Amino acid sequence: MHFIGIIPARYASTRFPAKPLAMLGGMTVVERVYRQVEGTMDYVCVATDDERIEQAVKSFGGNVVMTSTAHRSGTDRCWEAFTKVKSEKREVNSDEMVVVNIQGDEPFIQHSQLAAIKACFDDPTTDIATLVKPFTEADGWAAVQNPNSPKVVVNARMEALYFSRSVIPYIRGAEQGAEWLQRHTFYKHIGLYAYRANVLREITQLPQSSLELAESLEQLRWLENGYKIKVGVSDVETIGIDTPEDLARAEAFLNS
C-alpha cells in the first residue's frame with residue numbers, strides 16, 4: 001500500500017484561533033505535527049484553507065495544499081487535498097492508496113501509533129482504520145466518564161461496533177467506578193483515521209446520519225452506512241491541543 005499522510009489545519013477555531021501557528025517549544029504546532037509524521041508515510045502534506053498557514057508550512061520546507069473554506073470536517077478537507085495530491089502521483093494506482101488523516105493539533109503523535117494504524121490494512125477487508133487506548137485504573141473513573149473522550153466497543157476481530165460519549169458497555173451487577181474498570185477493558189478513542197482512497201471518496205458523499213447527529217461523532221455515519229472500521233491498539237497517551245490551556249500543558253510536558 002502507498003500511505004499518504006494529510007494534516008488538516010484550520011486557522012479559524014472557536015476555542016483557539018490560529019492554533020496551528022501557536023508556538024510550542026520554539027516551533028509552530030503544525031510543524032511539530034509534520035515532523036512527527038514525516039518519515040513514516042510515503043508522502044505527507046498539510047491541508048489548509050488559510051494563506052498564513054500555507055506560508056508557515058512552506059517556510060519550514062513542508063508540503064502544503066490549499067483547500068476550500070467551506071469544508072465541514074477534516075475528512076472532507078482530506079478528500080479535496082488527496083484529489084490534488086493524486087493528480088501529481090499518477091504512477092500509483094488509487095486502489096493501492098491509503099489516506100491517513102492526522103489531526104493538526106496532535107504534536108506528540110508517535111511513530112508507533114502511525115505504524116499501528118498502517119498495520120490495520122494488512123487485512124484486505126479493512127475500509128477504514130482508527131486507534132484506541134485502553135483506560136487503566138490509574139486513569140481514574142472520571143476519565144472514563146468524560147463525554148469529551150469518546151469510548152469504543154469492538155468485536156472479536158477488533159472492528160468497531162459503536163462509538164459513544166457515554167460509558168459503554170454497561171456493567172450489570174457492579175458498582176460504577178473502580179469495579180467496572182476491574183471487570184472490563186474500556187477503550188478510549190484516539191482521533192486518528194485512515195481510509196482506502198475509494199472509501200474516503202464515498203464517505204464524503206454521505207449525508208449526516210441520526211446517530212452522528214445524536215452523539216456529534218462523524219464516525220457513526222460510516223458505521224450506520226455499513227463500513228467496517230478496523231481498530232488498532234496503542235498504549236501511548238498523547239496531548240491534543242484544543243485550547244490555550246492545553247498548549248500550556250503541552251509546553252510543560254515538553255520541558256519535562
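Strands here are DSSP runs of at least two residues and helices are runs of at least four, numbered from the N terminus. The model shown in these close-ups is predicted.

**View 1. Strand E1, wrapped on both faces.**

**View 2. The strands paired with E1.** E1 and strand E4 (residues 43-48) run parallel, joined by 6 bridges. To find your bearings, look for Ile 4, which stands opposite Tyr 43 in E4. Strand E6 (residues 97-101) is also parallel to E1, with 5 bridges between them.

**View 3. The largest nonpolar core.** In soluble globular proteins, nonpolar side chains tend to be buried together. The largest such core in this model has 35 residues, and the members touching the most others are Val 37, Val 46, Val 100, Ile 102 and Leu 192. Helix H1 (residues 29-37) is the biggest contributor, giving 5 residues. A further core of 33 residues lies apart from this one and includes Phe 82, Val 85, Phe 163 and Tyr 187.

**View 4. Helix H1 and the residue Gly 39.** H1 is mostly covered, with 7 of its 9 residues buried. Those buried are Val 29, Val 30, Glu 31, Arg 32, Val 33, Tyr 34 and Val 37, so a pair of charged names, Glu 31 and Arg 32, is on the list. After the helix comes Gly 39, which has a positive phi, near 95°.

**View 5. Ile 102 and its contacts.** Setting aside neighbours within four places in sequence, Ile 102 is in contact with Gly 5, Ile 6, Ile 7 and Pro 8, along with Val 33, Val 37, Ile 109, Leu 114 and Leu 192.

**View 6. The cavity beside Ile 102.** The model has 1 cavity of 30 Å³ or more, and the largest cavity holds about 70 Å³ of space. Its lining consists of Ile 102, Gln 103, Glu 106, Ile 109, Gln 113, Ile 190, Gly 191, Leu 192 and Thr 238. Strand E10 (residues 187-196) supplies the largest share of that lining, 3 residues. By class, the lining has 4 nonpolar, 4 polar and 1 charged residues.

Terms used: Residues are numbered from 1 along each chain as its sequence is written. This is a predicted model: local features need pLDDT of at least 70, side-chain atom pairs count only at pLDDT 80 or more; totals for chains, interfaces and linings use all residues. Side-chain values use heavy atoms; hydrogens and water are left out. Two strands pair if DSSP finds at least two bridges between them. A nonpolar core is a set of buried Ala, Val, Leu, Ile, Met, Phe, Trp, Tyr and Cys residues joined through side-chain atoms within 4.5 Å. Buried means under 20% relative accessible area, exposed over 50%, partly exposed in between (1.4 Å probe, protein chains only). Contact means heavy atoms within 4.5 Å. On a 1 Å grid over the protein atoms alone, a cavity is a set of points where a 1.4 Å probe fits but cannot get out, and a pocket is an open set with protein on both sides within 12 Å along at least five of seven lines; lining residues have an atom within 4 Å of a point. Grid points are joined across faces, edges and corners, and a volume is the space filled by probe spheres set on the points.
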